[in-house]
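Subject: Structure handover and notes

Hello,

Here is the structure I said I would pass on. My notes on it follow below.

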Amino acid sequence: LQKFNQLGLKPALCDIDYSLKFHYPNHVFYGNHSEVYGNHEKVFIMVDPKDHCKIAEYFLSKGSFVFLEKPPSTSYKEFLSLVNKYKEKILGISEIERYSPVFEGFKLTSDTTRIDIKRLNKGKGYINPLWDLGWHDLYLLFSLNPKLSISIEKISEKYPFHWYVEGILTFDNKEIPFSLETAWNYKGKAQREWHIHKENGRKIILDFLNNCIKIDTLRFRKNSVDKLLLMIRDVLKEEYSKESIERALKILKILEEINPP
């Protein structure tokens with residue numbers, strides 16, 4: 001809502017906690033999505049993922065463009081049905097980390113020997129750390145190369161709400177091992193990093209949390225950006241990536257096969 005305000009917009013609000021209406025007296029407020037009548041050009045939905053498709057269906061049927069928080073569903077089949085019915089052009093999935101300056105211009109090259117990813121957060125989400133946090137890194141991986149495939153070979157829970165995944169990235173006839181470590185309620189220092197190992201023994205670290213890139217002993221800080229504002233602005237300008245739907249379907253299929261919610 002703060003970002004909409006920055007853009008000079010005053011959207012209608014909807015929340016099942018109707019008491020919130022009194023905190024936002026200058027906005028049109030609804031207590032349930034079914035109360036919202038008429039055509040709304042764009043609808044942003046950020047609720048429990050199990051309800052995403054149901055609410056999206058309501059607004060898509062009215063011709064609205066719907067922008068969904070990730071994950072867009074807890075079921076590959078349910079989301080695929082929604083996509084097939086309403087087509088990709090009127091639906092988008094949140095991929096906020098694609099707007100990170102440390103990811104800008106990064107390419108997955110054939111001299112990469114391994115990638116280790118850590119996304120360890122202090123907070124807690126809806127489903128589990130892999131679905132709620134690892135989702136970011138999976139769409140980033142898929143966005144690097146449209147022909148890239150991801151296979152998961154091992155998944156384990158190191159501690160409660162602390163998941164560790166190992167697998168293989170395949171692209172251009174090359175296989176690269178990777179690991180993905182995610183955690184809720186993490187007791188240590190929060191981390192959101194990619195450790196990219198190269199054939200020559202060098203290592204590149206993309207630090208999404210502190211907005212910097214480390215190459216061996218060198219550290220390069222990137223200019224900070226408002227990722228959420230940039231993403232929302234692209235959606236409103238109809239310049240958002242149409243590939244977000246395809247990536248979401250790939251991720252749902254992988255996660256549902258290895259760890260159903």
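A residue is called buried under 20% relative accessible area, exposed over 50% and partly exposed in between, with a 1.4 Å probe and protein chains only. By that rule F103, at 9% relative accessibility, counts as buried, and so does F106, at 16%.

Before the rest, some background. This is a predicted model, in which local features need pLDDT of at least 70 and side-chain atom pairs count only at pLDDT 80 or more, while totals for chains, interfaces and linings use all residues. Residues are numbered from 1 along each chain as its sequence is written, and side-chain values use heavy atoms, with hydrogens and water left out.

Aromatic rings

Rings of Phe, Tyr and Trp (for Trp, its six-membered ring) are taken as a pair if their centres lie within 6.5 Å; planes under 30 degrees apart count as stacked, over 60 as edge-to-face and the rest as tilted. The count by this rule is 10 aromatic pairs. In one of them, F103 and F106 have ring centres 6.3 Å apart and planes at 40°, so this pair is tilted.

W194 and F208 make an edge-to-face pair, with 6.0 Å from centre to centre and 65° between the planes. This pair links distant parts of the chain, 14 residues apart: W194 is in strand β10 (residues 191-198), and F208 is in the loop between β11 (203-207) and β12 (212-215). Helices (H or I, at least four residues) and strands (E, at least two) are DSSP runs, numbered from the N terminus. W194 is buried at 0% relative accessibility, and F208 is buried at 5%.

A cluster linked by ring pairs holds F4, F44, F67 and Y240.

Two arginines also belong here. A charge sits over a ring if NZ of Lys or CZ of Arg is within 6 Å of the ring centre and within 35 degrees of the ring normal. R98 has its charged end over the ring of Y240, 5.3 Å from the centre. R119 lies over the face of F208, at 5.8 Å from the ring centre.

Two strands pair if DSSP finds at least two bridges between them. Three strands, in the order β3-β4-β5, form an open sheet with parallel pairing. At its edges stand β3 (42-45) and β5 (91-93), each with a single partner strand, so one side of each has no neighbour in the sheet. From one strand to the next, the twist averages 15°. Strand β4 (residues 65-68) is joined to β5 by three bridges, and F67 has G92 as its bridge partner in β5.

Axes are lines fitted to C-alpha atoms, for helices over the stretch in contact, and angles run from 0 to 180 degrees between N-to-C directions. Contact means heavy atoms within 4.5 Å. Helix α5 (residues 227-236) lies across β3 and β4 and runs at about 145° to β3.

The eight-stranded sheet

Eight strands form an open sheet with mixed pairing, in the order β7-β8-β9-β6-β10-β11-β12-β13. Its edge strands, β7 (149-159) and β13, each pair on one side only. Direction ignored, neighbouring strands of this sheet are turned by 15° against each other on average.

Strand β6 (residues 112-120) pairs with β10 in the antiparallel sense over eight bridges; K118 has E193 as its bridge partner in β10. β12 and strand β13 (residues 218-221) are also antiparallel, over four bridges, and in β13 the partner of I213 is F220. The hairpin of β12 and β13 has two residues between the strands, and D216 there takes a positive phi near 55°.

Helix α4 (residues 129-144) lies across β6, β7, β8 (162-171), β9 (174-183) and β10, at about 150° to β9.

K198, in strand β10, is buried, with a relative accessible area of 13%. Leaving out residues up to four places away in sequence, K198 touches T109, D111, T112, T113 and I204.

A helix pair

The axes of helix α2 (residues 52-60) and helix α3 (residues 76-86) come within 11 Å and cross at roughly 10°. That makes α2 roughly parallel to α3 (angles under 35 degrees count as roughly parallel, over 145 as roughly antiparallel, 65 to 115 as roughly perpendicular and the rest as oblique). In this pair, C53, A56, E57 and L60 of α2 meet E78, F79, L82, K85 and Y86 of α3.

Regards
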